[in-house]
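Reader: I would like to learn how to read a structure like this one, feature by feature. Could you walk me through it?

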Amino acid sequence: MYAIEINNLTKVYVNSRGITDISFSIEEGEIFGFIGPNGAGKSTTIRTLLSLIYPTSGSAKIFGKDCIEFAPEIKKEIGYLPSEVFYYDNMKVIDLLKYSASFYKKDCTKRIKELAEIMDLDLTKKIDDLSLGNKKKVGIVQGLLHEPKLIILDEPTSGLDPLMQQRFFELLEEENKKGATILFSSHILSEVQRLCNRVAIIKEGRVVTVEKISTLKENNYKRFKMETADIVDQNFFQMMGVNNLEVKGKEVSFLFKGNINTVLRKLAEIDIRNLWIEEPDLEEIFMHYYEKENE
Ligand SMILES: Nc1ncnc2c1ncn2[C@@H]1O[C@H](COP(=O)(O)OP(=O)(O)OP(=O)(O)O)[C@@H](O)[C@H]1O
């Protein structure tokens, strides 16, 4: 059974696009990235899954159940961290978390304490007195305290310092090992690359591709970097499959997609001092994908 199954989901807002014909599925136990620039439609998709808004057309299932028809039942299985967290500022952190826990049938006291310790969160403080990063931590504990089967995170790391981001990622990996499925929305590629197995790339309300991170990295592009013995005209490197070409004196770099032998035969015509062939990072692949789509 899929943890999430989205079928042709469309949301049209009164004056703007929203999302158009989104379809993808997430297997139970996956850590799935949802990536795209601001305004691409990530939050709209997530809010629809949580039945906080209703789709114009299409449908989605969570653990095999329609996300609108079975919304109250499904919500108990989900931990959700919204991109922006708002609280009744006058409350103490512990009171807010106890209040959140009261929606679930189990006793979450022990888990609240464990999570607060991991995330270095002072439970006795008033929410009013917390920094943005600490408010984010409250959201994280609130989202995870009932040990949900599905964790949905919308831009979860904004406001967290690098050490806390690291702890948070480790926490997510542990939850995943215990069986939780994770949907991780972000516009930061490096964090998606670090955490996720698969990713859906969304652009202007539409999913442009769903790929394994490893496929995106390995099968598509290689980054060639070299030092040539003499200065070579950049036209020499212009061939099918070469992109993002940069020639600075004797230093040359480009992304290559295609049969690697073609490029190696071509390079054999010149005198090369040093050559590196690397996996490009996701950022480069992503940018290239977007450029290609815009052609
Ligand atoms: N409540 C709303 N009313 C009208 N238009 C909206 C509303 N919410 C989102 N939109 C529009 O829908 C589109 C998708 O926005 P959405 O917030 O889902 O994107 P996003 O990928 O989550 O980006 P961000 O990271 O900036 O939140 C945008 O064009 C946005 O302006």
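Predicted model: local features only at pLDDT ≥ 70, side-chain atom pairs only at ≥ 80, totals over all residues.

Author: Gladly! Residues are numbered from 1 along each chain as its sequence is written.

Reader: How should I read strands and their pairing, and which residue in S8 is the bridge partner of glycine 33?

Author: Helices (H or I, at least four residues) and strands (E, at least two) are DSSP runs, numbered from the N terminus. Two strands pair if DSSP finds at least two bridges between them. Here, phenylalanine 184 in S8 is the bridge partner of glycine 33. Strand S3 pairs in the parallel sense with strand S8 (residues 181-186) over five bridges, and with strand S9 (residues 198-203), again in the parallel sense, over four bridges.

Reader: Why is S3 largely enclosed?

Author: Burial is a matter of counting: a residue is buried if 20 or more other C-beta atoms lie within 10 Å of its own, exposed if 12 or fewer, and partly exposed in between, with C-beta atoms placed from the backbone. Five of the five residues of S3 (residues 31-35) are buried, so the rest of the structure largely encloses this strand. Both of its faces are covered, with Ile31, Gly33 and Ile35 on one side and Phe32 and Phe34 on the other. For the whole protein chain, 33% of the 295 residues are buried.

Reader: In what order do the strands of the sheet around S3 run?

Author: The order is S6-S7-S8-S3-S9-S10, an open sheet of six strands with mixed pairing. Strand S6 (78-81) and strand S10 (206-212) are at the edges with a single partner strand each, so one side of each has no neighbour in the sheet. On average, neighbouring strands of this sheet are turned by 15 degrees against each other, direction ignored.

Reader: Which strands of the sheet does H1 touch?

Author: For contact, the C-beta atoms of two residues, placed from the backbone, must lie within 7 Å. Axes are lines fitted to C-alpha atoms, for helices over the stretch in contact, and angles run from 0 to 180 degrees between N-to-C directions. H1 packs on the sheet and touches S3, strand S7 (150-154), S8 and S9, its direction making about 145 degrees with that of S7. Helix H5 (residues 132-144) also packs on the sheet, touching S6 and S7, at about 170 degrees to the direction of S6.

Reader: What else does H1 lie across?

Author: Helix H1 (residues 42-49) lies across strand S1 (2-11), S2 and S4, running at about 115 degrees to S1. Seven of the eight residues of H1 are buried, so the rest of the structure largely encloses this helix. Lys42, Ser43 and Thr44 are among its buried residues.

Reader: Which residues come nearest to the ligand?

Author: A residue is near a molecule or strand if its C-beta atom, placed from the backbone, lies within 6 Å of it. Of the 14 residues around the ligand, Tyr13, Asn38, Lys42, Ser43 and Thr44 come nearest.

Reader: And how is the protein chain divided into domains?

Author: Domain bounds come from an automatic or database domain assignment. Here they give domain 1 (2-216) and domain 2 (222-279), and 42 Å separate their centres, taken over C-alpha atoms.
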